[in-house]
Amino acid sequence: MGAMAINVTTSHSRQGAATNLPGRAGQTPAAAQNAPTPSRVAAHRLQRLAATRLFMTLCSFVLFFGLWQLAAASVDNRVLLPSPAQVAGALYQLGVEGEIFEQALVSTTRLAISLLIAVVLAIPLGFAMGLNERLNAYLDPFIELLRPISGIAWIPLALFIFGVGDALPVFIMVYVAFFPLLLNTVAGVRSVDPKLVNAARTMGVKRAPMLLHVLAPAALPMIMVGFRLAFAGAWSAIIAAELIGSPNGLGFAIEWYRELLMSPKVFAFILVIGVVGYLCDLLLRALQRVLTPWTEGTELA
Amino acid sequence: MSTIDAHAALSRRSRRAWLAQITLVPLVLVSIWEIWAVLANDPRAPAPTRVIETFIDLVAHGGLILATLQSLGRVVSGFCIALLIGVVLGVLMGSIRWVRNLLDPIVESFRPIAPMAILPIAILWFGTGTPAALSIVAYAAFFPLLLNTVHGVGNVDRKLVLAARTMGVPRWRILTNVVLPASLPSVLLGARLAMGVAWTAIIAAELGVGAKSGGGGSGGIGAMMFVFYAYNIDLNAIVVCMIVVGFVALLIDRLFRLAERRLMPWRI
């Protein structure tokens, strides 16, 4: 696969060099002279770009694992810095025993439940606040008072109220996910073009269909952005919540194996946290594309 | 936008009505809380009046201010480390394409790893003192700084750079006099976001270190909260700490917004 990527790169870069002689700024005249259609040139350029990307990504990981291996070899201490091979071994062992899937399932289930609760609480309230100026004026100051207190700061109080278990991480995550969802829903509802609402009203659309077919779709892009922010916050908070106040889950696992000084397993679980977080984000992006295909390309970082 | 809304609201209603409006819900909720605490008839139950008493007590004792300053000191030093690495790397990645292509996959792989996931490694490497907390803060603050610098440097108007090059400005001067000022808005936005996550991260780190080292020997307001939970079971003091955490977060955010307005008056 790597060799193929390199081949593609070289064959196209030669052609690229020929078409691009006048320099980066002068693509258009060169394309008009040498290529039959501009779209084919564009396709070639895209292909070459993708191939370069792939090649550089491979280089990137080779560099990373190479440096890690070197550092591990020079430290030569399994507890302080296990080598990539040792971590891979731990990962394999944990995978065969099924512990990775167990803990990841515990954490993702908590995540899903928390996001669901946050959605059920925040989105209706967000619609109400977005549509009712007075309600917004009364509730907004209170929300702005509460919002700066991070979810993490609730952990000691939540430990006292809920004890160690499922309720604590779920509570912290609901709290963290609530604010971005609410604020983005309010902003989304408020940003709906009044012409749309007026047009629908002129045509005699009733309240419920108005909400469902006019306001909701128009506010959805903002809500989805809020949902992704909510996920990012919750995923960060669950590790802290589980590490301090849970008998299981990914956050618990990393600290548990640290206490046992089984560093390869600590690193393996950190890797799993990254992979699960990445996969969830990928899922949300796909969801965003399916639900709001018209917003493609207007990505908010 | 919110300030415009606020001004509009002010012109529509009298100032007093507006004040009543913003204080009504918090006041009602605080009153309910106080009544609940009186009815609960448990001296440990947190109540607004006891929280205020505890606050005065903790401030007079000096412990609260010291712990807050200690946490703030860690946040600022961790932030500075992240600023240095993030901006230098960000400028390199934003202006040189192969560096960006090379490092982007690594950065993106680390991004979904939460700062707290680094805690076990930090404890293994640095023990349970300040360096462990610092490294978590620096890790948390690094990503918003780096990504926003890359974005800012990458989106500098090419015409400006070409114009400077045409006039024979040396590369280094183009960087300091054209690229950096043009990407300042992005970098400052990154700095504000970074400071926000850094403050959350220090609380998490101190809580975690406190919880795992059994006694919160490392200090800071996060460790203080854990001691109040685990040893004194003083819920009023925990609530005081939470309010201080929120207040500092708000203060940091406002300070950075002020800096953005001062440093970039052209953006309003």
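Over all chains, the structure holds 12 salt bridges. The model is a predicted one. Side chains of opposite charge can pair when their charged atoms come close. Three of these pairs are set out below.

| Salt bridge | Closest N to O distance | Relative accessibility |
|---|---|---|
| Glu242(A) with Arg110(A) | 2.7 Å | Glu242(A) 0%; Arg110(A) 3% |
| Arg147(A) with Glu144(A) | 3.2 Å | Arg147(A) 39%; Glu144(A) 28% |

### A buried pair in chain A

The salt bridge between Glu242(A) and Arg110(A) has its closest N and O atoms 2.7 Å apart. Glu242(A) belongs to helix α10 and Arg110(A) to helix α5 (residues 99-131), so the pair ties together parts of chain A that are 132 residues apart in sequence. Glu242(A) is buried, because its relative accessible area of 0% falls under the 20% limit. Arg110(A), at 3%, is buried as well.

Both partners also touch Pro169(A), whose contacts beyond four places in sequence are Arg110(A), Ala241(A), Glu242(A), Gly245(A) and Ser246(A). Pro169(A) is part of helix α8 (residues 167-190) of chain A, and its relative accessibility of 0% makes it buried. Between the C-alpha atoms of Pro169(A) and Gly89(A), which are 80 residues apart along the chain, the separation is 30 Å.

### Partly exposed pairs

In chain A, Arg147(A) is partly exposed at 39% relative accessibility, and its salt-bridge partner, Glu144(A), is partly exposed at 28%.

Salt bridges with shared partners join Arg192(B), Asp253(B), Arg257(B) and Glu260(B) into one network.

### Overall organisation of chain A

Chain A contains 12 helices and 0 strands. Of its 301 residues, 43% count as buried. Among contacts in chain A between residues at least 6 apart in sequence, 72% join residues at least 24 apart.

### The contact between chain A and chain B

The size of an interface is often given as the accessible area lost when the parts come together. Chain A and chain B bury about 4400 Å² between them, with 78% of it on carbon and sulfur atoms. On the chain A side, α3 (38-75), α6 (133-146), α7 (155-162), α10 (207-245), α11 (250-259) and α12 (263-291) each supply at least two residues that touch chain B. The residues of this side divide into 36 nonpolar, 7 polar and 6 charged.

In total, 49 residues from chain A and 46 residues from chain B take part in the contact.

### Cysteines and a buried threonine

The count of disulfides over all chains is 0. Cys280(A) is buried, with a relative accessible area of 17%, and Cys241(B) is buried at 0%.

Thr68(B) sits in helix α4 (residues 63-95) of chain B and is buried at 11% relative accessible area. Apart from neighbours within four places in sequence, Thr68(B) is in contact with Ile221(B), Val244(B) and Val248(B).

Technical notes. Residues numbered from 1 in each chain as written. Chains lettered and ligands numbered in written order. Predicted model: local features only at pLDDT ≥ 70, side-chain atom pairs only at ≥ 80, totals over all residues. Heavy atoms only, no water. Disulfide = S-S within 2.5 Å. Buried < 20%, exposed > 50% of the residue type's maximum accessible area, 1.4 Å probe, protein only. Contact = heavy atoms within 4.5 Å. Buried area = accessible area lost by both parts, 1.4 Å probe. Helix = DSSP H or I, 4+ residues; strand = E, 2+ residues; numbered from the N terminus. Nonpolar A, V, L, I, M, F, W, Y, C, P; charged D, E, K, R; others polar. Salt bridge = Lys/Arg side-chain N within 4 Å of Asp/Glu carboxyl O.
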